[in-house]
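Please view the sequence and the model below before reading on.

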Amino acid sequence: MAEFPQAIKKLISAFERLPGVGPKSATRLAFYLLNTPQDFIADLSNSILEVKSKVKICSACFGVGESEICGICDDNKRNKKEICVVERSIDVMAIEKMKTFKGVYHVLGGVINPLDHIGPEELKIAELVVKIKNLLTEDEAIEVILATNPTMEGEATALYIKKKLLELDNRGKLLISRIGSGLPMGADLEYADESTLARAMEGRREL
Ligand SMILES: [Zn+2]
């Protein structure tokens, strides 16, 4: 059997490293690109390079943005006392699409998962604790919505965070809620349709 040229093989194996792309799709994509006009290829490669150089991680919420502080954290109209804790930036996008949440976010960067050797220290949990501790000194009520995915790891992470945050609250100023039912167990926020997600946010319950 004839072998593919080296450059194509290299591209195929690069595509195979992408989530959800198997060898067949990787091969199809590589050959698709081979037959597309040069400017499309140039645009695509530039976008890929730009995503690393231009996208910044927000120093307040750890979500993605175009500057040191993202557009959401920088918006005065957003309620800084209502903090939605999510696993990844992609979950921020999913919740933002509903256009109903007026608080801010805190992106953990994943969930606690002992099998993958991800403990609380690997996530932005300590940063969340400091943030809430500072907010609590301002003497106003704060709501933290734990919107990790309804998976075993997501639930365990939510419970861990709840325990950590409750240790800070000695005056009953902190309401901790969990994104509500409607999201099937094992679901991914990222793939939930908008109305299901809206119901889950509305149906949040105190944890
Ligand atoms: Zn931010």
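In what order do the 5 strands of the open sheet lie? The order is E4-E3-E5-E6-E7, with mixed pairing. Strands here are DSSP runs of E with at least two residues, helices are runs of H or I with at least four residues, and both are numbered from the N terminus; two strands pair if DSSP finds at least two bridges between them. Strands E4 and E7 stand at the edges with a single partner strand each, so one side of each has no neighbour in the sheet.

The model is predicted: local features need pLDDT of at least 70, side-chain atom pairs count only at pLDDT 80 or more, and totals for chains, interfaces and linings use all residues. Residues are numbered from 1 along each chain as its sequence is written.

Within the sheet, E5 and E6 pair in the parallel sense over 5 bridges. Leu-146 has Arg-178 of E6 as its bridge partner.

| Strand | Residues |
|---|---|
| E5 | residues 142-146 |
| E6 | residues 174-178 |

Helix H7 (residues 194-202) has the buried residues Leu-197, Ala-200 and Met-201, where buried means that 20 or more other C-beta atoms, placed from the backbone, lie within 10 Å of the residue's own, exposed means 12 or fewer, and partly exposed lies in between. Seen down the axis of H7, these buried residues fall within an arc of 100° (taken from the directions from the helix axis to the C-beta atoms), so they line one face of the helix. On the face turned away from the buried side, H7 carries the exposed residues Ser-195 and Glu-202.
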